[in-house]
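Thank you all for making time this morning.

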Amino acid sequence: MSTQLKSETDKNFVGLRHIYKTFNLGSVNEVVLFTDFNLEIEKNQFVSVVGSNGSGKTTILNLLCGSIPVDSGSVFVNGREIGKLKEHERSRFIGRVFQDPSKGTCPELTILENMALADNKGSSFGLQLGVNKRRIDYYRTQLELLKLGLEDKLDLKVSSLSGGQRQALALLICTMTPLDLLILDEHTAALDPRSSETVMELTEHLVREKQLTTLMVTHNLKFAVNYGDRLIMMHRGNIVLDAGPEEKSSLQIRDLTEKFNEISIEDGN
């Protein structure tokens, strides 16, 4: 794995540089997770991240989004240092889809109202002004991408949708406005197998069509292998596997399980 970092003048990357992060500092539960940790993602790259609980994969997402601060180090999006920006400021150019489908939509609003809110992201319009009837045909066209029949149910409350439908809608509205980074936080983990496959197929389509730089954390090794063009495995705050497009194309699920077993043996488990 290459550890060479890009030049400060290169604007086409997302990443973490020289990150130090300790949890519960000074307590009996102190955990040093990252020590001079580095990760860089090329523009338009779709990266899958796997790892056991506590490996650091979700912390990477939280540091990028600003949900938690770094102890020291730098956070970059498109080559711009964003470490001083608050979480809501970063949300203007970072989209995040969570594991819980209810976190990505407003359940008491209709599909139309949810899409209008997403369409007006970053503006100061109220909801009434935000529902632009001239955009309804566009919303229907976008919903057709889901292949769930929702394009004819714009007035339906989101609370009445299934988990898979809500997650597909959350993914769609998250990507309606331009993004510098899309973060997928185990976004299929709460879905049944069929819905998971549907959402992943939609994910692949949207990422490629909109050329989104994407970081996906998942426990589903099949999805990690089959989707994206780079695969990273985390363990105790370190990258223990970093497979680029060529290497990833030949990876099998058994390769990942063997790596997990190897790590487990090294840890004495």
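This is a predicted model: local features need pLDDT of at least 70, side-chain atom pairs count only at pLDDT 80 or more; totals for chains, interfaces and linings use all residues.

Residues are numbered from 1 along each chain as its sequence is written, and side-chain values use heavy atoms, with hydrogens and water left out.

When I say helix or strand, I mean a DSSP run, numbered from the N terminus, with at least four residues of H or I for a helix and at least two of E for a strand. Two strands pair if DSSP finds at least two bridges between them.

Let us begin with the open sheet of 4 strands, whose order is S2-S1-S4-S5 and whose pairing is antiparallel. Its edge strands, each pairing on one side only, are S2, residues 31-42, and S5, residues 80-81. Helix H1, residues 57-65, packs on this sheet and touches S1, S2 and strand S4 (72-77), with a direction at about 110° to that of S1. Here touching, or contact, means heavy atoms within 4.5 Å, and the angles, from 0 to 180 degrees, are taken between N-to-C directions of lines fitted to C-alpha atoms, for helices over the stretch in contact. Within the sheet, S1, which covers residues 13-23, pairs with S2 in the antiparallel sense over 8 bridges, and Phe-13 has Glu-42 in S2 as its bridge partner.

The other open sheet has 6 strands in the order S6-S7-S8-S3-S9-S10, with mixed pairing. At its edges are S6 and strand S10 (238-243), each of which pairs on one side only, and from one strand to the next the twist averages 20°. H1 packs on this sheet too, touching strand S3 (46-51), S6, S7, S8 and strand S9 (230-235), and its direction makes about 145° with that of S7. Helix H7 lies across S3, S7 and S8, running at about 140° to S3.

Which sense does the pairing of S7 and S8 take, parallel or antiparallel? S7 and S8, the latter being residues 214-217, pair in the parallel sense over 4 bridges, and Asp-185 stands opposite Val-217 in S8. By contrast, S9 and S10 pair in the antiparallel sense over 5 bridges, with Ile-239 in S10 as the bridge partner of Met-234. The hairpin of S9 and S10 has 2 residues between the strands, and Arg-236 takes a positive phi near 50° there.

Now to helix H6, residues 163-174, where 10 of the 12 residues are buried, buried meaning under 20% relative accessible area, exposed over 50%, and partly exposed in between, with a 1.4 Å probe and protein chains only. Among the buried residues of H6 are Gly-164, Arg-166 and Cys-174. The buried residues of this helix pack against strand S6 (94-97), helix H3 (111-119), helix H5 (136-144), strand S7 (181-185) and helix H7 (193-209).

Thr-110 lies in the loop between S6 and H3 and is buried, with a relative accessible area of 14%; leaving out residues up to four places away in sequence, Thr-110 touches Leu-154, Asp-155, Leu-156, Lys-157 and Val-158. Gln-142, in helix H5, counts as buried at 9% relative accessibility, and, apart from neighbours within four places in sequence, Gln-142 is in contact with Met-115, Leu-172 and Lys-210.

A search of the whole structure finds 4 aromatic pairs, where rings of Phe, Tyr and Trp (its six-membered ring) pair if their centres lie within 6.5 Å, and planes under 30 degrees apart count as stacked, over 60 as edge-to-face and the rest as tilted. One of these pairs is Phe-34 with Phe-37, stacked at 4.4 Å centre to centre with 20° between the planes, and both residues are buried. Phe-223 and Tyr-227 form an edge-to-face pair, at 5.9 Å centre to centre and 75° between the planes, and these two are buried as well.
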